[in-house]
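Subject: Structure handover

Hello,

Here is the structure for your files.

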Amino acid sequence: MLYRQDPPGFFVEAGGQSGLHAAGWAFVGWGTQFLDADCDGEPDLVVANGHVDDFAPREASITCDRSFFATPAAAGSSSFWRVTPVRTSPASTWGAGWRRLDWNRDGKMDFAVSNIGDRASLVTNRSQRVVHFLNVKLHARLTARDAIGTVVEVVGGHPSLSKQLVAGDGYMASNERLLNFGLGDASGVTELR
């Protein structure tokens, strides 16, 4: 399900018209988060699909994948298209939570998926497009160290981008305490607030 806020302030279910229903309807989307996979400044959606249990006979083939959805290039569009799914473990394993991190410090956000009944998987982002990024790591001096709740705005190059550092990141997961801003073709920013 995708709930989009309409102008009067109500939330409407928009999963069908956005293209998200078809790929995940048969599963439970345990881990669902946005990340900017190609650092173009537009959020992409990653869903770890699974189920509460494996009810198929042991000899049956179960297909389950980690779905990745990208936003279209048209600014302001609210539809997604499905990118080739990432298979992170054997087909009989169900995906559950996932966490966002930049483990190799290349600016392209990677993620780790916890799998039910199997070991976790680390998925490395190998996007080919070379673009710019800014990673912001906050350390509070007068409040709690991780600065949870802080809003950071990046001005310059791309239209202004803002993100809030949160602690409740997804199902049974906590992201790396890092705000990643994809800058697209802009080589820098003029202001960080």
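This is a predicted model: local features need pLDDT of at least 70, side-chain atom pairs count only at pLDDT 80 or more; totals for chains, interfaces and linings use all residues.

Nonpolar cores

The largest nonpolar core has eleven residues: Val-136, Leu-138, Ala-147, Val-152, Val-154, Leu-161, Leu-165, Leu-179, Phe-181, Leu-183 and Ala-186. Two strands, β11 (151-156) and β13 (179-184), each give two or more residues to this core. The largest share is that of β13, with three residues. Another core, of ten residues, lies apart from the largest one; Trp-98, Met-109, Phe-111 and Val-113 are among its members. As a general background, nonpolar side chains in soluble globular proteins tend to be buried together.

Gln-33

Gln-33 belongs to strand β3 (residues 28-35). Is Gln-33 buried or exposed? Gln-33 counts as buried because its relative accessible area is 6%, and the cut-off for buried is under 20%. Its side chain has two polar partners to note. One is the side chain of Asn-175, in a polar contact at 2.6 Å. The other is the backbone oxygen of Trp-98, which is 3.0 Å from a polar atom of the Gln-33 side chain. Trp-98 is also one of the residues of the ten-residue core. Leaving out residues up to four places away in sequence, Gln-33 touches Asp-44, Leu-45, Val-46, Trp-98, Arg-99, Arg-100, Asp-169, Gly-170 and Asn-175.

Salt bridges

How many salt bridges are there? The count comes to five.

Arg-105 and Glu-176 form one of them, with an N to O distance of 2.7 Å. This pair links distant parts of the chain, 71 residues apart: Arg-105 sits in the loop between β7 (94-101) and β8 (110-116), and Glu-176 in the loop between β12 (158-164) and β13. Arg-105 is classed as exposed because its relative accessibility is 53%, whereas Glu-176, at 14%, is classed as buried.

Arg-145 and Asp-146 form another salt bridge, and their closest N and O atoms are 3.3 Å apart. Here Arg-145 is exposed at 56% relative accessibility, while Asp-146 is partly exposed, with a relative accessible area of 24%.

A further salt bridge joins the side chains of Arg-193 and Glu-191 at 3.1 Å, N to O. Glu-191 is partly exposed, at 35% relative accessibility.

Surface patch

Which residues form a nonpolar patch on the surface? Met-1, Tyr-3 and Phe-11 do, and together they have about 410 Å² of accessible area. Met-1 lies in the segment before β1 (3-5). Met-1 is exposed because its relative accessible area is 63%, and the cut-off for exposed is over 50%.

Points to look at on screen

- The polar contact between the side chains of Gln-33 and Asn-175.
- The salt bridge between Arg-105 and Glu-176.
- The surface patch of Met-1, Tyr-3 and Phe-11.

Regards

Terms used:
Residues are numbered from 1 along each chain as its sequence is written. Side-chain values use heavy atoms; hydrogens and water are left out. Patches are made of residues with over 30% relative accessible area and no salt bridge: like charges are joined within 9 Å, nonpolar side chains (Val, Leu, Ile, Met, Phe, Trp, Tyr) within 5 Å. Accessible areas come from the Shrake-Rupley method with a 1.4 Å probe; for residues, only the protein chains shown count as cover. A salt bridge is a side-chain nitrogen of Lys or Arg within 4 Å of a carboxyl oxygen of Asp or Glu. Helices (H or I, at least four residues) and strands (E, at least two) are DSSP runs, numbered from the N terminus. Buried means under 20% relative accessible area, exposed over 50%, partly exposed in between (1.4 Å probe, protein chains only). A polar contact is a pair of N or O atoms within 3.5 Å; within protein, one must be able to donate a hydrogen and the other to accept it, and residues adjacent in sequence count only if both atoms are side-chain atoms. Contact means heavy atoms within 4.5 Å. A nonpolar core is a set of buried Ala, Val, Leu, Ile, Met, Phe, Trp, Tyr and Cys residues joined through side-chain atoms within 4.5 Å.
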